[in-house]
Structures are given as structure tokens and as C-alpha cells.
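Here is a short walk through one protein chain. Take a look at the fold before reading on.

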Amino acid sequence: MPVRALWYRRGALHVIDQRALPARTVVRRLTRLSEVADAIRTLTVRGAPAIGVAAAYGMVLGHREGRYSPDRAAKALRATRPTGHDLFVGIEAVRRAWAAGDDVEAAADAYRAEVVSECHRIGVAGAPLFARAHRVLTHCNAGALATVEWGTALAPLRFARQRGAHLFVYVDETRPLLQGSRLTAWELARERIPHAVIADNAAGYYLASGQVDAVIVGADRIARNGDLANKIGTYEKAVVARENGVPFYVAAPWSTFDARSPSGRTIPVEERGELEVLGFAGTRTSPLASHARNPAFDVTPARFVTAFITPDGVVRPRDLAKALARRTSGGTRSSFRP
Ligand code: MRU
């Protein structure tokens with residue numbers, strides 16, 4: 001069973017502190033909205049869908065504190081990280097209930113349950129793609145830690161393996177914060193899924209030498225035309241995958257799709273502090289006189305995506321607009337054959 005990244009019990013949100021993994025499994029107990037906001041900002045909780053669920057419970061805690069209006073609480077949480085769309089969806093699910101005088105805890109629980117169910121369905125929908133594509137490369141962590149349970153990119157791999165596929169996963173280390181080598185590797189090791197951590201700059205070598213059958217990643221925000229923001233470095237993996245005829249899949253729940261962004265050009269990209277880049281594991285490695293740039297995400301144009309793995313099936317980029325429209329009018333069917 002995959003790990004559970006966070007849970008809410010009796011007035012407190014419990015989160016696995018993802019900064020401490022894999023060395024230590026530390027659970028933090030958060031009882032105030034501001035603590036949830038800090039946890040999101042510092043990547044104690046991270047991964048777009050998990051951030052959305054944490055923020056939903058952050059709203060619940062704000063409601064309990066009694067000193068916020070629904071809009072003030074929403075504003076404080078929205079200011080944490082700009083790129084992932086799920087944050088805004090999770091906040092809105094509870095803000096609406098709060099403003100209407102409904103049960104906010106029930107609204108957050110329902111939101112969490114929907115995210116978990118959608119990730120499970122992504123696993124079921126995507127697993128057949130990996131029945132024959134055994135050697136898979138992934139970037140960042142799009143596993144249970146990033147989504148509460150199951151994962152987005154890791155969910156189809158988990159289900160394919162349950163069905164007997166002999167998978168081998170290349171795990172990009174994902175500088176500067178090592179979500180791949182710390183978190184994805186931790187999840188795979190727990191479940192004894194064969195894998196190897198590779199330096200970020202090794203992916204091209206493995207793709208070009210025919211050692212990767214498919215690339216799968218999650219996303220932080222997907223625009224209406226299929227352009228997507230994901231962890232910095234995703235774009236170059238997508239381009240090299242295309243150059244070498246390797247399919248590039250993007251797995252995401254509906255909360256990651258932003259119908260209001262027409263294209264990747266309108267997706268805000270978070271710029272994080274330079275110290276994350278200037279050192280390694282807490283030790284400064286660059287000259288003291290040096291500065292750094294640290295965009296946390298990049299935008300991959302839809303033309304590099306082979307297919308999106310959604311909770312309701314596998315969808316080609318050219319069919320995405322139709323799938324999104326069908327979804328708002330009820331029901332999305334798969335339009336994709338590998
Ligand atoms: O900065 P992070 O660690 O929150 O970035 C996370 C990612 O980029 C993930 O790939 C993305 O959220 C998909 S998670 C299912």
C-alpha cells in the first residue's frame with residue numbers, strides 16, 4: 001500500500017514532513033491556518049494535489065480559529081505558492097461551503113476523498129500503457145506523497161505492477177530539492193519496485209540509447225490547450241523524449257486542469273530562493289560572491305505530450321478541449337489507444 005501523506009483528525013491536520021525524508025519520518029501536527037500556509041510554502045507538504053487538500057484543511061482550521069472571514073482565509077492560503085492549480089481548487093471548495101454556512105469539515109473531507117478517488121482512477125486508466133513499456137523514466141515526485149494517496153505519475157505504475165508488469169523506473173534526482181532521489185525513490189523502495197536514481201543530466205543519455213520505453217510525469221497546472229507546468233526540468237525531458245520517439249505521458253486529476261488558462265503563457269511560474277541552488281544538503285557549494293536563479297517549474301508545450309492520463313481515461317492533447325467540455329456536461333470517455 002502506498003503511504004498516506006496527510007490526514008485530519010479532531011481539529012488538527014497531520015502531515016508527513018517531506019523535508020525530513022528519507023532519513024526520518026516526522027509527522028507534524030498543524031492546528032492553525034498560518035501553520036498550514038507555512039507548511040505549503042516550505043514544501044513540508046508539496047505536490048499540487050496534496051497542497052490542494054492541505055489548503056482545504058487549512059481553511060477548516062481558519063474557520064475554527066474564529067478570526068478569519070472566508071475570503072481572508074482564502075487570501076492567506078492562496079498567497080503560498082502560485083503555480084499549482086489544485087491549491088486554488090481546494091481552497092475554493094471549502095470557501096464556498098464556509099460562505100454558505102455549510103459544514104466546512106465535510107467540504108474538506110469530500111474534496112480529499114475526490115482527489116484520492118481520482119488518483120486511484122488515474123492508476124486504473126493508465127496501467128495498460130505500461131503493460132509493455134517496462135522501462136519508465138519519471139521526474140520529481142508525483143507519488144502518494146504529492147497527492148495524499150496513490151499518486152498521479154506513480155499510480156499507473158503501481159497498478160501495472162499489480163497486474164504483473166516487470167517495471168524498472170529511472171528516477172531523476174530533481175535538483176535543487178531532490179524530490180526524485182529523496183521522495184520518489186523512498187516510495188518505490190518501500191514497495192520494492194525496482195528503480196535507479198539518475199542525475200538530472202543523465203536522462204538524455206538513457207533516452208537516446210534506447211533504454212527508456214516511456215516517460216511519465218505529473219503536473220502542477222494544465223492549460224486549456226494542454227500546455228503544462230511541472231517541476232523544472234520537465235520541458236527538456238519532454239523534448240528529448242520526442243526527439244527519440246519515446247512516449248511522454250502526463251497524469252493529473254481534474255483539479256490540476258485550469259480551464260481559465262488558455263495556454264502555458266498565462267501560467268505563473270514560482271521563483272524560489274537562491275540558497276536552494278547555491279548549496280547542497282545545507283552546505284554552500286557555490287562561491288559566496290555568486291548568485292542563483294531558481295524557477296521551481298517550467299512549461300512544456302502540449303505538442304510534446306503523447307497523452308494525458310486523467311481519472312476518466314487517456315486523452316490525446318488534440319482531444320483535451322472536448323474532454324474538458326464533456327466533463328463539465330458529465331462523463332469523459334477515453335479517446336486514446338497506445
Ligand atoms: O515543488 P513541488 O515539489 O511541489 O513540485 C511538485 C511537482 O512538480 C510535481 O511533479 C507535481 O506537483 C505533480 S504531483 C502529482
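The paragraphs below go through a strand residue, a helix and some aromatic rings in this predicted model.

Begin with Thr 138. It lies in strand β4, residues 135–138. Its relative accessibility is 1%, so Thr 138 counts as buried, the cut-off being under 20%. A polar atom of its side chain lies 2.8 Å from the backbone oxygen of Ile 216. Beyond its neighbours within four places in sequence, Thr 138 is in contact with several residues, including Ala 153, Tyr 170, Thr 184 and Val 217.

Now turn to helix α10, residues 234–243. Its buried residues are Thr 234, Lys 237, Ala 238 and Ala 241. They cover an arc of only 100 degrees around the axis, so they sit on the same side of α10. Among the elements that cover them are β5, α9 and β7. Just after α10, Gly 245 takes a positive phi of about 65 degrees.

The aromatic rings come next. There are nine aromatic pairs. Tyr 8 and Tyr 57 are stacked, because their ring centres are 4.9 Å apart and their planes are at 10 degrees. This pair links strand β1 with helix α2, 49 residues apart. Both Tyr 8 and Tyr 57 are buried. Tyr 235 and Phe 304 pair edge-to-face, at 6.2 Å centre to centre and 75 degrees between the planes. Tyr 235 lies in α10 and Phe 304 in the loop between β14 and β15, so the pair ties together parts 69 residues apart in sequence. Tyr 235 is partly exposed at 37%, whereas Phe 304 is buried at 11%.

Charges meet rings too. The charged end of Arg 190 sits over the ring of Trp 186, 5.4 Å from its centre. Lys 231 lies over the face of Phe 297, 4.4 Å from the ring centre.

Definitions and conventions
Residues numbered from 1 in each chain as written. Predicted model: local features only at pLDDT ≥ 70, side-chain atom pairs only at ≥ 80, totals over all residues. Heavy atoms only, no water. Helix = DSSP H or I, 4+ residues; strand = E, 2+ residues; numbered from the N terminus. Buried < 20%, exposed > 50% of the residue type's maximum accessible area, 1.4 Å probe, protein only. Polar contact = N/O pair within 3.5 Å; in protein donor to acceptor, adjacent residues only side chain to side chain. Contact = heavy atoms within 4.5 Å. Arc of directions from axis to C-beta. Phe/Tyr/Trp six-rings, centres within 6.5 Å; stacked < 30°, edge-to-face > 60°. Lys NZ or Arg CZ within 6 Å of the ring centre and 35° of its normal.
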